[in-house]
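Please read the sequence alongside the model shown here. The paragraphs after it go from one chain to the next and then to the contacts between parts.

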Amino acid sequence: MITALIIGVVQGGMYGLLALGLVLVYKGSRVLNFAQAEIGTVSLFLAYWLVTEHHLPWIVGAVCALLLGAAIAMVFERVIVRPMGSAPRLSVAVATIGLLTLLLSLELLQFGPSPRVLPPPIDGLGLHIASVYVSPTQLISLGAVAVIGAGLALFLRRTDFGLGVLAAAEDPTAVRLVGVRLSHVSAFTWGVSGALSALAALFIAPSLGVFTPGVIGAPLFVASLAGALLGGMSSLPGAFVGGIAIGVLEALTKFLVISRNLSATIPGGESIAIFAVILIVLLVRPQGILGRRAAA
Amino acid sequence: MSADTVLLELRDVRAGFGSQTVLHGVSLQVREGEIAGIFGLNGAGKSVTMKVVAGIVPARRGDVVMDGRNITTVAPEDRVALGMAHVPQGRQVFPGLTVEQNLRLGGYRLRRRDKRRYGEALQRTLDRFPILAERRAQLAGSMSGGQQASLAVARALVSDPRIVLVDEPSAGLAPKTVEELFETLREVNRSGVTMLMVEQNVTFGLRLVDTANIMQRGRIVYAGPVADLDQERVAEHLGVGRLLGRGLSAAVQSHEAAAR
Amino acid sequence: MTALATSGSGSDANTPQPQSPRAALQALWNSVMTPRRANIALWAVLLAALPPITERAMPHLFTSGKLQTLDVAACFAVAALALNVLVGYAGQMSLGHAAFMGVGAFTSGLIVGRYGLSMAVGVPAAALFGGIVALLLGIPALRLRGLYLAITTIAFGVALQLSILRIPWISGGNAGVVLPRRVAGNLQLIDNADWLAVLLVVLLVVWLLDTNVMRSKVGRAFRAIREDEGVAQSFAVNVVTYKLTAFVISGALAGVAGALYGHTIGQANSDPFSYELSLQLIIMVVVGGLGSRSGVVAAAFFFQVFPAVMPAWFNGYQVPIGAALLMYTVARHPDGLAGALREARERREMRRMRGGAGDDDDEDIEERGRLPKLPALPRPSTLPPRPEVAGGTVLSARNVSVRFGGLQAVDDVSLDVPRGRIVGLIGPNGAGKTTLFNALSGHIRPQRGEITFMGQDVSDLAPHRRAALGMSRSFQLIGLAKSMTVLDNMLLAQHVLGRYDIGSALAYLPRTARVERELTERAHQAIAALGFERFTDTPVRSLSHGQQRIVELGCLLVTDPELLMLDEPSAGMSPGAAENLAVRLRELRDEQARTVLLIEHNIPLVLDVCDEIYVLNSGAVLASGPTETIARRPEVIGAYFGEAVPA
């Protein structure tokens, strides 16, 4: 059971990273980005390509992945989201579905459906926690999360622009009245969320083992969504914690189903559990456990 | 105090939302150094007028001119850079940020352009509002209404503005707090800051402003010095004259007596 | 036709003459086979005959594979129509519709494949189960809106695909369920062209069902819900029931599509009914145009057929290009391609009607200030005669209080609206007038207080029920479905008079047709009374603000309501138009004996028109009484001038 917990936390970490990105974009543009996970996958493919085909060091691949993720998101924001202005949020969501399809199909065209592996930065230097192997990639990613998280927090609280971003999330109309350009804030939030997707994908790659186009698909996306909702769509730390909580819930459910020999009766029971969580949270406490106001 | 320079001007502005036209040709002027007020019943269009000046609502026809420069198509954020500062309706301080961070946001545009001027403006503001200097690290959301009002005014002043737009300062504040705010605004104006104010509370507003613009149904029906107004004319211009009828003077007198 | 035998000069040409049997049959044929039905029959024959004939006549034109592509396209067209009902018409999101297709496929698979029955049993069963599952999901989920509803449907879809549909008893293990195209016993439709004929006929049936929905009160209710639920309720639409109905219809039709798809492929497991498929369906519906039948069907066919007809080197590129096109389309035309076409058409229409004028037109109408007389139609025969009300008080509120968080928006308000009077509600901004209105009409639940309407305690009634009792209200931003035409709004306003149930609407039984004819005629009368005939088919949003307000008032009057609640009717009008509005309002009271409760900021209008006035300030009644006495009260002065600030 401890094994299940550890697995759950690791998986939940990925959900948390994706959820962070989802909430960032949602707070900034009131849009649900369906392509959130796929941006990460594309970036992962770039890292793979640079490391395997061009024999560049892992760290270069990882950094380029983060940059690509940020770039895709920022370009999308500039070219599609911003011109759509006050168009219905559903339409913008459909546009993100278009982005998802585009990225997926480009991955397939370029790399085909065969599974790939991203070699870890340092071979064989992982950790064993309660019989679960935590690979170097994950350790480095964890470290990156900590560094980036701290850096982001500092940036947001200490710089003028960062304060503008925080203020814009609280009150987008008032923040214009002090001269902050919302378009810059929007570009920033999307860019950061794209980088977070890439980070999430790098983080989960070792657990997946191999990856294919669209590997971070519906079930993972739904789990991240559940995490974001659980933490409250308006709370950044809440999103991350929510993601981890969902990861744990999922792992425990799987464990229970298997240990009670129910997997024949209820295959995939964890997706039912996640659905139930989503439904209950939305009906009972839509602002999530940690959120302050009711979002949406 | 009247320099006769016109600092801000609206010229025959028409504006509205969707299919509705709310302003049917509004013209007004704010002279440098004065406090100008816009009054009117709800629906008269005073909020929309303020929004047109701020740039949040576009003028479908007519012009907005500041310092001789036509800013009709300039975005609100960029008007701030040109010297327009805001004390929004309901103060709208950023509750999750500290006093210091709120003030820093006030200087968002100025700080990059002219750090020295920003520093001086910040110091002047902190001198004027010692209570804010004391509570620099306090979260704005945890402050009282009156303190938030001071913060909102300070935030506007930190940008060393040409003109401060004050939107319904008395809304949601207790009478005593309104009085304190009143004093603050008067003092700020006396030190040379031009203001344009929209105010629902006519009694309060008329004591503060130099020039009054009274609106009815999207048009300005009176624009002139406050000294030329009395309660009866004000009632007339607001459009409640007929409501208050013949007994008006007596009623008004008894109302003022009660206030004393 | 036999010559009429007239004898004598007084013979009336309308006197029925004895007809020959041939003429009698002719008359019978004409009454049953209306032009519309003839059209439908023609289409049915065409669709059923064309594929098999083409195949036999030109066997090398389509390969079996190409036919199967068309088959699949037809199935997706049904699915797209299904989703369109929910998303395009009723405006409720579903990103898990593949799940309903899966339910349908497995249902039919079990019935036809495992238990050997005919598709004639399997496919309707698929519809039934699709509908049931939709009902089960809809009951909790439809309390959520927009984004939250969408997320719930995604999670549902994933749970269904990965869990429920893989339960061994249902799924038959990894091999999946077999779906033979069994007609009866051993007779199966192996040929893909024959099967296409069947699919096209089913598509036609679904199309017809769709048109029936849209021609009836059901479709209007859906569209009103999509536009603005509060407005829909004010027109007596039971929003909860209709949302659920849309969900169930959509789920049932998706079940049919899934079953047909299963029979097309021949077998089904849980794999195809995925999130990706749900997204594809949404793409079809959005790109084709939300709410456009032909658009979504065209999009469905296009998405299936286009990749198949492209040359081999193109293979694989159509998806990214399609995705890029999708993003571009959605960004430029959020209403889809059909919406873009519609908008272009509307703009041409308006330019033609206005003779090229722009905003000036609004000014013109306002300045001229002449508003049409408000329609005075006879009481609809379907309503009971106007009830008497005890004490002559139509609406009575006692101790109503509404609190939002820390703010007391309405504070212990009591008021009475006597029959045949116009009562005014005035007060400064934020005084709580609209909130009070919302409490009276049921759009908000007060924390305390009783509301009595027509002698009945309505405090616990939902807004649509109060509207059905005769409470009509207007909205500050115009309470109409702005994307619908003037005629459709007039019909929507008569929702409570639509005396047929949803089932009759789907089949468009003769009773439904008759009621619709009556409502349409009444709508035309009202529009004619306003002099707005030329705007009958104009979407409301294309009218000027003043014209929209007039249409709204017309809609409020069309059901002969007991009470008219008007929220700032003169807002946005020029002084001239507002004066004319006062005339019209007085006519309502004096000529039509109507009862009106009025919120206004236009004091001269209030003085002109109202018999009694309530002055509200900070949520409480400051003063009330006949108009002349109110005018002189000092509290009123304080309310408008603002509290005196202690010097």
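Chain C contains 26 helices and 14 strands, where helices (H or I, at least four residues) and strands (E, at least two) are DSSP runs numbered from the N terminus. This is a predicted model, in which local features need pLDDT of at least 70, side-chain atom pairs count only at pLDDT 80 or more, and totals for chains, interfaces and linings use all residues. Residues are numbered from 1 along each chain as its sequence is written, while chains are lettered from A and ligands numbered from 1 in the order in which they are written.

The C-alpha atoms of chain C fill a box of roughly 90 × 85 × 50 Å along the principal axes. Of its 647 residues, 51% are buried; a residue is buried if 20 or more other C-beta atoms lie within 10 Å of its own, exposed if 12 or fewer, and partly exposed in between, with C-beta atoms placed from the backbone. Among the contacts in chain C with a separation of 6 or more, 77% join residues 24 or more positions apart. Two residues are in contact if their C-beta atoms, placed from the backbone, lie within 7 Å.

Two strands count as paired if DSSP finds at least two bridges between them. Strand β8 (residues 448-453) of chain C and β9(C) run antiparallel and are joined by 2 bridges. C:Phe453 stands opposite C:Gln456 in β9(C).

Which residues of the largest nonpolar core touch the most other members? They are C:Val78 and C:Ala80, in a core of 372 residues. A nonpolar core is a set of buried Ala, Val, Leu, Ile, Met, Phe, Trp, Tyr and Cys residues joined through C-beta atoms within 7 Å. Helix α3 (residues 64-89) of chain C gives the largest share of this core, 17 residues. Leaving aside residues up to four places away in sequence, C:Val78 touches C:Val202, C:Leu203, C:Val206, C:Leu253, C:Val256, C:Ala257 and C:Leu260.

**Chains A and B**

The contact between chains A and C takes 40 residues from chain A and 35 residues from chain C. On the chain A side, α3 (58-84), α4 (89-111), α9 (218-231) and α11 (269-284) of chain A are the elements that give two or more residues. The largest share of that side, 13 residues, comes from α4(A). The side of chain A that touches chain C has 32 nonpolar, 7 polar and 1 charged residues.

In chain B, the assignment gives domain 1 (1-83 + 167-177 + 196-260) and domain 2 (91-161). Between them, 6 residues of domain 1 of chain B are in contact with 6 residues of domain 2 of chain B. The domain 1 side of this contact divides into 3 nonpolar, 3 polar and no charged residues.

Helix α3 (residues 99-106) of chain B is largely enclosed by the rest of the structure, because 7 of its 8 residues are buried. The buried residues of α3(B) pack against α6 (160-170) of chain A, together with α4 (108-113), α5 (115-128), α6 (130-134) and α7 (145-157) of chain B.

**Confidence**

The predictor gives the complex an ipTM of 0.86 and a pTM of 0.83. Chain C averages a pLDDT of 85, pLDDT being the predictor's confidence in each residue, from 0 to 100. In chain C, helix α16 (residues 359-368) has the lowest mean, 48, and helix α19 (residues 486-493) the highest, 96. Over residues 356-367 of chain C the pLDDT is below 50, and this stretch has 16 contacts in the model beyond near neighbours in sequence. Where pLDDT is low, the predicted coordinates should not be read in detail.

Terms used:
Domains from an automatic or database assignment. Nonpolar A, V, L, I, M, F, W, Y, C, P; charged D, E, K, R; others polar.
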